[in-house]
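Q: Hi! I've just opened this one and would like to go through it with you. Can we start with how the parts are arranged?

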Amino acid sequence: MITFALSEEQTMIRESLQGFAAEVLAPRARAIDEAGEMPAEVIQAGWDFGLIAASIPEAYGGGGGDRSCMTNAVVLEALGGGCASQAVAIMAPGQFVSALIDFGTEEQKAEHLPRFAGPTPVAAGLALQESQFGFAAEAQRTTATRKGNGWVLNGEKRLIPLGDQADHFLVLARDPDGDGLGAVSAFIVPRDAAGLTVTAESGSQGLKPVPKARITLNAVELPGSARLGGDAGIDAGRLVNQARIGAAAVAVGLCRQATDYALPYAKERVAFGEPIGKKQSIAFMLADMHIECETMRWMVWKAASLLEHNDPGAARASVLAQDYVRRKAIKIADDALQIFGGHGFIRDLPLEMWLRNARTLTVLDGPVSV
Amino acid sequence: MADFRLSAIDQQILDKVIEVGNSTTAHTRYYEDHEHETPPARLEGERGFEEVFPLFGQRQPDDTPMMTFMMAVSIARGSTSGVVRGLGLAMPSGRASGLGNAALQSAGTAEQKTKWGNLFLSMSITEPGAGSDTKAIQTTARLDGEEWVLNGDKIFVTDGVKCDGAIVWATIDKSAGRAGIKSFLVLRDAPGFELVRQEKKLGIRASDTAAYAFRDCRIPRDSLLGGDETVPKGGGSASYKGVMKTFNMTRPAVASGGVAKAKGALEFAKAALAEEGVTVDWDKSFNQRSAVEQKLIEMEADTEAATLSVLHAAWLSDTRQPNNLESSVCKAKGGEVCRTIPQAAMELLGGMSVSHDHLVEKYLRDGRISDIYEGTGQIQRLIIAREILGYSSEELT
């Protein structure tokens, strides 16, 4: 049945997070971006909503709620509507947790999930991106080779969110003899594994205050139990698509925020004797921004919903949503800046920050997942 | 919770619509070549919507809401390589599914609905000098005893040849601007009502388009839709707003027609390219795709986005929520893809796509109107901009 209705619970979460985003995240977004550091209290404030613990089964100390990609899409859009960087910092550990819930063996869940159900934030990150330009998940270079009952990992992973503090990384690696996403597995790698080196990244255009790490895996030896899902492995396509749609959901929130910010300005700013919002060249830009904010959201919702149900159409819907958001989100952020003219270029206002964040969210396979 | 999956029966209905539509491919060019005929109810061997209709009985109460689903049906229907006639039978208003019927149902009195509800009614608004700017219309109506006397010219009347009557917009007080505009039901045999010509068009040739002249055309006093003969001061009339309200459900329907042609062209291109060995691999990342694969994905994403915007506007209507803004959003998207997608499909397919051997060129010609009628894309953006900026129609023109 096709319906655009959110559940009562989703509506409540959405409303409370929209309030949090507007009152708490947005006002300090600029200061955090300038400082280039993510305050611990931001992550704690987000953690206090229990967003990540909610979907951890009760057996592991969690809330026992549904593991819902749709709910996560709603959460990420709401938080992204306040500040994309803070949204990512708050929700990045969810990538690790969701992957464990979706694909982990009982032993893996029992070992790792309980510590994410407590009151103290726990950092963990998905290690997906690599150094080469034109990175593609199905053609990644990090390899996992069988050695006895265990595995040996070699390669380098980049821009891992919260990688500075993560106690574990979920590293995606490819069977060197295999092809495509079917050959990609995920490995739970402890930070102190021999052969693993963690270094801070040089910085990044967008999501600037989100701590990001680079890890090199030099013949890192892991036990057989480190492979997520055990012998069954994972559906890497599903995992990667959850990350892509996660970033897209944040971008939708960002675009709504940028559009809503530009609207009152267009009514205030006078040029040639009237507000620029009364000129069709500006009014039509705003109309298009509104149109695409709406349609991007439905694209993201559809992908998230199909991913949640593991529907056969989920991969297609994810590719379409990612493609659509990639094209539209960057244009909306860019047009919002353009409406402000020179003021949009100055770092006093958030426009240039939103452009940087929009570009980052639409080229980096998700630092957050639905 | 938000869901985008169809039930088995709904999928079966859409599959059946497509099967029936594709089965009539042989007749497709007939409608092109017999533009000046009012087509017969059914051509020899042509299958129709009556094959689909019985399946609706198997739908469950918790299936996709009706208007939302009918938008999906409309998109499937219009995307086929043939025609599926008789869809009107499935609509709530029965046989009388003209645009004018929507206006009658929305703005007419109970008596008027009873009296004219079974007629097929066209909508006659546009004039040689007034298109989207409807308040500029010049056709006048003057009360003379118990009759209205209409004078003026109307063009672009959809179904204007085959209809039983038309809902005609005319002003009863030019000085009052929009507030003076009323709608009148004029039957085809009214004295002074002339069918001037049937237009020749780029596409949608099976749908007739008429031009009318009213020369002292006399109609009974009770032909004024809604019956309100007053002209309110300083504001739009209830009658005008009543008629504008009809577009809340008709815009999604018209948008669905545009999306349908985009989808048809896209499906044609995908099938044709698949024969040449080019298909989209949903597992491939952006950087691993060919330019043609990427173009196909963009076309499919644009079509999907437009589809969802149409379904959303209809779903709001189904769930009794305001959808004025969303109707314009979906109409803007439907209007966009009806142009860009068939154009892109032909670009991908190259020179032979222009040939009448194939139908892809027809999707471009048939689809193009969707960004014009029922409000151009520019008008939709104007409506959206006014709404989100909080400007009146006088403040943002």
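Q: How far apart do the C-alpha centres of domain 2 and domain 3 of chain A lie?
A: In this predicted model, those two centres are 30 Å apart.

Q: And what are the bounds of the domains in chain A?
A: Domain 1 covers 8-117, domain 2 covers 125-232 and domain 3 covers 236-363.

Q: Back to domains 2 and 3 of chain A: how many residues are in contact?
A: Eleven residues of domain 2 touch nine residues of domain 3. On the domain 2 side, eight of the residues are nonpolar and three are polar, with no charged ones.

Q: Nice. Switching to helices: at what angle do H2 and H4 of chain A pack?
A: About 65 degrees, and their axes are 9 Å apart. Helix H2(A) is residues 40-47 and helix H4(A) is residues 84-91.

Q: Is the crossing of H2(A) and H4(A) left-handed or right-handed?
A: Right-handed.

Q: Which residues make that contact?
A: From H2(A) there are A:Val42, A:Ile43 and A:Gly46, and H4(A) brings A:Gln86, A:Ala89 and A:Ile90. By class, that gives four nonpolar and two polar residues, and no charged ones.

Q: Now confidence. What does chain B average in pLDDT?
A: The average for chain B is 90, and 94% of its residues score at least 70. Residues 89-94 of chain B are below 50, though. Beyond near neighbours in sequence, that stretch has ten contacts in the model.

Q: And what are the ipTM and pTM scores?
A: The model has an ipTM of 0.95 and a pTM of 0.93.

Methods
Residues numbered from 1 in each chain as written. Chains lettered and ligands numbered in written order. Predicted model: local features only at pLDDT ≥ 70, side-chain atom pairs only at ≥ 80, totals over all residues. pLDDT = per-residue confidence, 0-100. Contact = placed C-beta atoms within 7 Å. Axes fitted to C-alpha atoms, helices over the stretch in contact; angles between N-to-C directions. Helix = DSSP H or I, 4+ residues; strand = E, 2+ residues; numbered from the N terminus. Left-handed = near helix turned anticlockwise from the far one by under 90°. Nonpolar A, V, L, I, M, F, W, Y, C, P; charged D, E, K, R; others polar. Domains from an automatic or database assignment.
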